[in-house]
Amino acid sequence: MHTKKNLKVRMETVVLICFVAYTVLLFGVMWLSSRKTAGNDAFFRGQRKSPWPVVAYGMIGASLSGVTFLSVPGGVYYGQFTYMPLVFGYVLGYAVIALVLLPLYYKLNLTSIYSYLEQRFGVTSERTGALFFIISRLMGSALRMYLVVFVLYEFVFKGWGIPFWAIAVVFICIILLYTFRGGVKTVVWTDTLQTTFLILAAVATVVAILSELDISLGQLLRRSAEAGYTRVFETDPTAGKYYWKQILSGMFITITMTGLDQDMMQKNLTCKTLRDAQKNVMTSSGLFIIVNLIFLSLGAALIAYAQSTGFALPLDAEGHVMGDKIFPSVAFHLNTFTAVLFIIGMVAAGYSSADGTLTALTTTLCYDFLGFERRADDKSTVKMRRWVHVGFALLYLVVILAFRPFHRQSLIDTLFDIAGFTYGPLLGLYTFGLFTKHKVRDRWVPVVAVVAPVVSYVLKRYAPEWFGYHFGFEILLINGLLTFVGLLAIREKRGTIVEKNE
């Protein structure tokens, strides 16, 4: 018992040292990327000088959250490799972003992508889209960061008597400090560091398992295939993961949650030219396939390890395997090295999600509500931007701490679902703007944008009882379609042709 306690203390100490070292490294990258710049142009646009290969690589870390870091490997237990058709859909979505959305954003020279809505429909539409983004990103990203803080608290700091709120404060302060000066210019470079550690954690765990089982990667995959864990395509049309449904869902998820998301697009818009931004997007889509194959292979390795060694997979109260806890359970069981890399990977996922979000929230408020596009880039706007940045960091912290007393996994899933509903109105607004020439009654847009997700939520909640159908990712399309129909209903009857964007 005493030996086990000493081992636990030693692991906690090693994890803490590595966490501090990683944070110091992060601040080193921040200093190198922002030491010669402090103005709004660097903070909001990265001076449009970001090398596209750097942005493409960093986008992997930005796209993977702590939830994905756990759920993709863990999902192999029940879903095999049927996540991959969704990833193939992502590639199609990235193609739409590269060929349709990026040319629009570069043509209009946008900093906040929601400025398009002002030019197309009016100020109310712009602020509606921006507000939906702020609510969705603040809630979703804060909860992702909450999960990272919670894991660190449970595995390391709880045993030392350090309270949860103190860990949350430290994390938010770190993110605030390294984004405070350089903004998106810093985030582009720190995302490369975080992508590296996310991939390293997965690869190192696979290597450790192969070494432990004394088999090659090919043998592992063959064994997993024989056990049915590498099945990619679900061919039953009635199944939730029917592959065509997955591909279509993946495409629209990417168009909406990447192409219409200020956080994700702001980094793309730091590239020097439209062509560079397009190369970045298409390259990152290819890398995304490779990275997801790595994480799915990790899932197969985790299951093979448990079956070969008799390691007990984590179970819930009803005796079902808890997929999201498979990776941390095995990582901490293997050795200190895999445990440390798992923690650093979680931290990297949390940082990567929060730093870009904090910068994007600041950009959205400054441009879509405070009118920075019409202000001079001077000391007063820099000061205002800094206060907005600090304000969002504090709001981020409030959301994390407020959620703590209500922490239940089912509630986390529900809140993520609700946050996802806010992207439907954005899909409808941009589709209507791009593919019709109608003007709308701008003052009525907020009503449409609220009613559509409410109706969508009711449909998803009660469809199993009413129709015997379970909505999945396709509820996003229903949400967007309802918004589109609502905009048709409030279109202006005269002056339907829009001149300014032709």
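I started with tyrosine 77, which is partly exposed at 25% relative accessibility. My cut-offs here: buried is under 20% relative accessible area, exposed is over 50%, and partly exposed is in between, with a 1.4 Å probe and protein chains only. Tyrosine 78 comes out as exposed, at 51%.

A note on the source: this is a predicted model, where local features need pLDDT of at least 70, side-chain atom pairs count only at pLDDT 80 or more, and totals for chains, interfaces and linings use all residues. Residues are numbered from 1 along each chain as its sequence is written, and side-chain values use heavy atoms, leaving out hydrogens and water.

Next I looked up aromatic pairs. Rings of Phe, Tyr and Trp (its six-membered ring) pair if their centres lie within 6.5 Å; planes under 30 degrees apart are stacked, over 60 edge-to-face, and the rest tilted. I get 30 aromatic pairs by this rule. One of them joins tyrosine 77 and tyrosine 78, edge-to-face, at 4.9 Å centre to centre and 85° between the planes.

Then I checked tyrosine 178 and tyrosine 351: their ring centres are 6.0 Å apart and the planes sit at 75°, so this pair is edge-to-face. Tyrosine 178 is in helix α9 (residues 164–180) and tyrosine 351 in helix α16 (residues 336–368), so the pair ties together parts 173 residues apart in sequence. Buried or exposed, I asked of tyrosine 178? It is buried, at 0% relative accessibility. Tyrosine 351 is buried with 0% too. I also found both in one aromatic cluster with Tyr22, Phe27, Phe171 and Phe197.

I looked for charges over rings (NZ of Lys or CZ of Arg within 6 Å of the ring centre and within 35 degrees of the ring normal). Arginine 404 lies over the face of phenylalanine 164, 4.8 Å from the ring centre. Arginine 461 does this with tyrosine 462, at 4.9 Å.

On tyrosine 469, I noted that it sits in the loop between α20 (445–466) and α21 (475–489). Tyrosine 469 is partly exposed, at 37% relative accessible area.

Last came the whole chain. I count 21 helices and 0 strands, taken as DSSP runs (helices H or I, at least four residues; strands E, at least two) numbered from the N terminus. The C-alpha atoms fill a box of roughly 75 × 55 × 45 Å along the principal axes. Of the 502 residues, 55% count as buried.
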